Amino acid sequence: MPRIRVDVDGATYEDDVEPRVLLVHYLRDRLGKVGTPVGCDTSNCGACTVLMDGVSVKSCSVLAVQADGRDVTTVEGLGLNGTEHPMQRAFHEEHALQCGYCTPGMIMASIDLLRENADPSEEEIRDGLEGNLCRCTGYQNIVRAVRRAAGEMREPSEREVAP
Amino acid sequence: MIPATFDYVRPGTVDEAVTALADAGEDAKILAGGQSLMPLLRLRLAYPDSLIDLDRVDPLREIRDEGDTLMIGAMATHHQVVRDPLVREFAPLIARATETVADPAVRHRGTFGGSLAHADPAGDLPAVALALDAVFLVRSVRGEREIPAADFFVDWMTSAMEPDELLLSVRIPKLGAGWGAHYEKFHRTAQAWAIVGVACAVRRENGTVGEARIALTNMGSTPVRASEVERAVAGGAVSEAAFRSAAEHAADGAEPPADLHGSSEYRRHLATVLTARALAAAAS
Ligand SMILES: Cc1cc2nc3c(=O)[nH]c(=O)nc-3n(C[C@H](O)[C@H](O)[C@H](O)COP(=O)(O)OP(=O)(O)OC[C@H]3O[C@@H](n4cnc5c(N)ncnc54)[C@H](O)[C@@H]3O)c2cc1C
Ligand code: FES
Ligand code: FES
């Protein structure tokens, strides 16, 4: 069995894994990081989106062995210092979720979107999140949340910069 | 679901990859971006004995200027292709079509070569490669050979590559001054496959159409060249009326599939409408 070494949410893990284990199953079943859900079998829904070496990937379409030597951030790696990530806060404040199943993927895809485009228009947000399906919200509040987070991340509010 | 078991090989060089592919025999598969293969493994529609993962074969990600042609490495990701200045300048049709593929996370992993090797007639890039007269460079332990796009797509999800052959790169003849290009994709929802797509490049010459290259997505078991339309517009006026009448021939000889997104008849109709639009956009 191949041995992998992978950084996940700031900690380093070394494990023997069967090649057929998907990254999302490694995160959930081996590391207990159940914040990243599985929503489909076809890599369509985006619920499992994480950042690998800083860019968004669907962790159901990557093998755990392929994450060897890489750095993975899941939704559980946000706000580790005790403060919510501005994107998490914006999703909360704009009520951008109902059942919450899509939310971890939405948040990670939205963070990836802002990395490339700090001030996206509504249309660019809809485009950037096209790989993430939500079956509850109708997307309106999600788009609002991403715009709000983008604004805050460009001009950090006092709350964020306060010690 | 969880894929069936397989042996996993992670070569670091092209030579290692080609040797591993030969050693692993007929039931081995190349893993590129995994954006088509991984769902197939999960659904157990594919169950190879071994996977040869190209993820760490970095030289295959290169995009290079070779004078009259552009060389795009098989492992260049969709994300990389869309942003590449050489692609944007000399093969804007590829950039435009690739922008419409899937979604950002899939484009981060999915590759140019994987999309072509997969030979899915509903994929956007096979028709683009056909319209641009791309040439495929493949290698096995037996040696290297070139396959022109017109011979590469053999049947539904079947390319002219042998099981022991690796796609290394694709050469794209550059389209220089005077050429315009457009990819017209018709789909029902965001992040969806084309019901029909039209890849089109047009060279204008003294106010007329000097030459047109047109190929269709999802109009048969392979991408289809719309040769009748190409002939009909060549030398003619750059006008919507001329394009509309030429585009009447877009589906000539094509055998489009019927599925829950549309009947064959509907696809034939779409092909004529979308081809006229693509011509107008490429020529403007
Ligand atoms: C949700 C979703 C939506 C999508 N929407 C679209 C879309 O709208 N349009 C579109 O065109 N595509 C779409 N795709 C597919 C995407 O473009 C894939 O990237 C592409 O089809 C396959 O590329 P890959 O690098 O992921 O290849 P893989 O999945 O790794 O491989 C695909 C096949 O090609 C073979 N192969 C790959 N590379 C080589 C090589 N170098 N030499 C020999 N054989 C090779 C593999 O063995 C396998 O059989 C979508 C995918 C997903 C998950
Ligand atoms: S679970 Fe990964 S895309 Fe649906
Ligand atoms: S909140 Fe339920 S799927 Fe998005």
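**Close-ups of a predicted two-chain model**

View 1. The side of chain A that touches chain B divides into 11 nonpolar, 9 polar and 11 charged residues. This is a predicted model, where local features need pLDDT of at least 70, side-chain atom pairs count only at pLDDT 80 or more, and totals for chains, interfaces and linings use all residues. Residues are numbered from 1 along each chain as its sequence is written, chains are lettered from A in the order in which they are written, and side-chain values use heavy atoms, leaving out hydrogens and water.

**View 2. B:Asp55 meets A:Arg70.** Here the two side chains form a salt bridge at 3.3 Å, N to O (a Lys or Arg side-chain nitrogen within 4 Å of an Asp or Glu carboxyl oxygen). Across the whole interface of chain A and chain B, the rule finds 6 salt bridges.

**View 3. Domain 1 and domain 2 of chain A touch each other.** The domain assignment, automatic or from a database, gives domain 1 (3-75) and domain 2 (86-153) in chain A. Their contact (heavy atoms within 4.5 Å) takes 18 residues from domain 1 and 13 residues from domain 2. The count of salt bridges between these two domains is 0, while 7 residue pairs are in polar contact, both at pLDDT 80 or more.

Notes. A polar contact is a pair of N or O atoms within 3.5 Å; within protein, one must be able to donate a hydrogen and the other to accept it, and residues adjacent in sequence count only if both atoms are side-chain atoms. Ala, Val, Leu, Ile, Met, Phe, Trp, Tyr, Cys and Pro count as nonpolar, Asp, Glu, Lys and Arg as charged, and the others, Gly among them, as polar.
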